[in-house]
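Hi everyone, thanks for coming. I'd like to walk you through one model today, so let's get it up on the screen.

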Amino acid sequence: MPNYEKNASRLISFLVIMAIVFTVVLTWNAQKPSDDAQYKMGSVDISASNIRTHLSKIAEYPHFTGSIEHTNVREYIVNELEELDLEVEVQTTLALSSKYFVASNVANIIAKIPATTQPGGNKGLALMSHYDSANGYSPGASDAGSGVSTILESIRAFLESGLPHSNDIYIIFTDAEEQGLLGALGFVTEHPIADKIGLILNFEARGSGGASFTLLETNQGNKKLVKELAAAKLFYPTANSLMYSIYKMLPNDTDLTVFRQRADINGVNFAFIDDHFDYHSAQDTPNRLDASSLNHQISYLSALLPYFSNADLEKLKSEKDVVYFNFANIALYDYPFSWVLPMSILVALVFLMMTITAIKKKQLKAKSILIATIPLILSLLIAVCIGVAGWHGLLWIYPQFNDIPQGFPYGGHYILATAILLTMALNIWTYQILTKKFPSIKVVEWYIPIIAMWIGINILIAIFLTGAGFFIILAVTPLAIFGNILRYRTTANRKAITYTLFSLPGLVIISPLIPVFVVGLGLSNLAIATVMSTLLLMTLLPILFVVKGIRSVQLFCLAGAFISFVGIYLNADYSVERKKPSSVNYVYDTESKHAMLYSYNLHLDSFVQQFFAENDTNTSLLKDLISFRASRSAHYVTATTALDIPPSNVTVSSSVDENDVIHLVLTVEPNRPIDSIEIISDEPIDIFGLAINHKAFEIKNSRKRDNFVMYYVVTDQQPIEITIDYRPQTLPATLRLVETSRDLPKQLAQFTPRAENIMPSPFRITDAVMISQPIKQK
């Protein structure tokens, strides 16, 4: 080959590889706006500075339901709404979650902007977020101070713009979302406005960064709502039907779920989920909230508020579902669910006919196709091994990763990159070895098992996970490449360009999703990313065969994996910016008069070492005194001197009916400021009735409770009456009342504060004083 042809071939190969790399990188980076993006409401600028000002006030301190700071935040929000000349209502009620057996007095903040033109229908638009932070020490900047602040500023700009709107607009800031969606429950079940809402836009967060995903919630079909979202011309519409299909399988609900289930109100969640290690932690502060993530929320509201404030919200319900997805965050595209299976079958039939025809023409050999399945199977096994063994290996090297309860340590992004790049390098190496061992097997024959695999995946998707129907792109584009290989004889350079152009749409649609699943589900699911990366890489196989310098690609992947591993190493230790979670709690048993300290820590650190030694692991000392979930169990326990803290006064009356159902009435009078009370049992019991202050939970027939019975968030220090109708499954069963306050640092004289690189544990009660007393029954 002449030198100019060799040089041209190298250039084409380089451009093809760079096109693929840049497509993946740019598609990932283009999911959200820039840090300095600007948006308007009509002709009025939405000020990111104003949002940050609101955020600094709302997230200055932790403000969980019942705390003084929670009241201060509520007063600030009410004042800001009144400054906009809005009439504000604070709905107060006792809300109960029969799903979780959790209750609290809640205070929802509600305001209304009346329609300015002839109403387009009888239903209004609601903008919603929750204003409480997670229990304990989270300032709640992202979750969900970001949502409250964005709505406040967007409403200011909307009112100032004078944009006409034919629908009433309701602003709803719910309380006690973190306690079991209690504010939303109190609103839906008791407030008359709930019947006047046709659509809810709910702003949430499950981390402090990343793209804000659009998750629809409908009881019926999603077709009309998807069409309206597309018509609203969203900026950076990060949305697809697979995300909600998976979201529905997970135990994570939002306030919007309550409105959908209880009042059949359609809605859309907007939530960013990256930097998951900040979620519910002391690090959820305004300065750690990504500006681009905040701008993504602003971009949604700037488009949707003017649009839906004039849409007919009574026409959003549909009987039909559609598959929808965004392409390069430019626009939303959709097609009916009913197309998914026929499309998969059609692709399968076309592939089968093309393959049979090619075999008859002796373009393909069945034996070669069979051999070609070997590297595909090996590549998938490699992906699974790296995903599973790689994560467990990292936990062995860095056991501190187990300390992060969110399941996503600070070096999580580097872990993802290392696993994906190493998987790709080994997959390329696998095909290099086998293609050299079987040189007579053609490129098209190596490709056939991959196409068959993707067709099979799409048929399974059509049956079991229809929302992922847009994955058909990864069957259609390989099929197009397959047909091109069989039909046309052309140069390697043209093949490389043609195959790349066919492959880019699939890369644009699918590649950004690969990290998202692991970010959302935790790094214990790292194999999802390695397997999906393998499956996506396999669709590019013909390109890898025709480009020059494929070994350089492999070395590039290995170098990238090594650099990413260095990133893991550099982010493995704790620092002021990457704090270690650490916990300690005090428990006193009024019956035995024993006092103990316990910690959820798996490893001692400079903070817990002041309380525990390595051998303080006799967790049986806590048996039946407090409740634990399987994933939240004490690790260190030690006896300590009892503190002079009075327990609540508890008066008890009980009776037993002819069915051996015990009717128990408790009156609890706190003798100190407490944050919560909990009822637990030492044996399984069947609950037939449960009420707090004469307000009953909804219980059909009975509910079995193994240990935890109910939880009440205390917002004042008034007497609490609890009624329980229950029957023990085995006798005797002892009920206990556990009262909790988060004031251990004030109560424990030897409590030395945490170092700057240590913070209170999220998702765990910590720094708490807990008093456990048996409920004496006659």
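Let's start at Ser-161, which sits in helix 4. Keep in mind that this is a predicted model. Leaving out residues up to four places away in sequence, what does Ser-161 touch? Its partners are Met-41, Gly-42 and Val-44. For a sense of scale, take Met-759: it is 598 residues from Ser-161 in sequence, and the two C-alpha atoms are 44 Å apart in space.

Now stay with helix 4, residues 141-161, and bring in helix 9, residues 291-308. Their axes come within 10 Å and cross at roughly 40°. The crossing is right-handed. On the helix 4 side, the residues involved are Ser-146, Thr-150, Ile-151, Ser-154, Ile-155 and Phe-158, and they meet Leu-294, Gln-297, Ile-298, Leu-301, Leu-305 and Pro-306 of helix 9. What is the make-up of that contact? There are 8 nonpolar residues, 4 polar ones and no charged ones.

Ile-151 turns up again in our next stop, Phe-173. Beyond its sequence neighbours within four places, Phe-173 is in contact with a set of residues including Ile-77, Leu-81, Tyr-131, Val-148, Ile-151 and Leu-152.

Phe-173 also takes us to the largest nonpolar core, which has 162 residues. Phe-173 is among those with the most contacts inside this core, along with Ile-77, Leu-201, Phe-470 and Phe-471. Which helix gives the most to the core? That would be helix 13, residues 443-464, with 11 residues. Apart from this core lies another, of 29 residues, among them Ile-685, Val-709, Tyr-712 and Ala-733.

Definitions and conventions
Residues are numbered from 1 along each chain as its sequence is written. This is a predicted model: local features need pLDDT of at least 70, side-chain atom pairs count only at pLDDT 80 or more; totals for chains, interfaces and linings use all residues. Side-chain values use heavy atoms; hydrogens and water are left out. A nonpolar core is a set of buried Ala, Val, Leu, Ile, Met, Phe, Trp, Tyr and Cys residues joined through side-chain atoms within 4.5 Å. Buried means under 20% relative accessible area, exposed over 50%, partly exposed in between (1.4 Å probe, protein chains only). Helices (H or I, at least four residues) and strands (E, at least two) are DSSP runs, numbered from the N terminus. Contact means heavy atoms within 4.5 Å. Axes are lines fitted to C-alpha atoms, for helices over the stretch in contact, and angles run from 0 to 180 degrees between N-to-C directions. A crossing is left-handed if the near helix is turned anticlockwise from the far one by less than a right angle, and right-handed if clockwise. Ala, Val, Leu, Ile, Met, Phe, Trp, Tyr, Cys and Pro count as nonpolar, Asp, Glu, Lys and Arg as charged, and the others, Gly among them, as polar.
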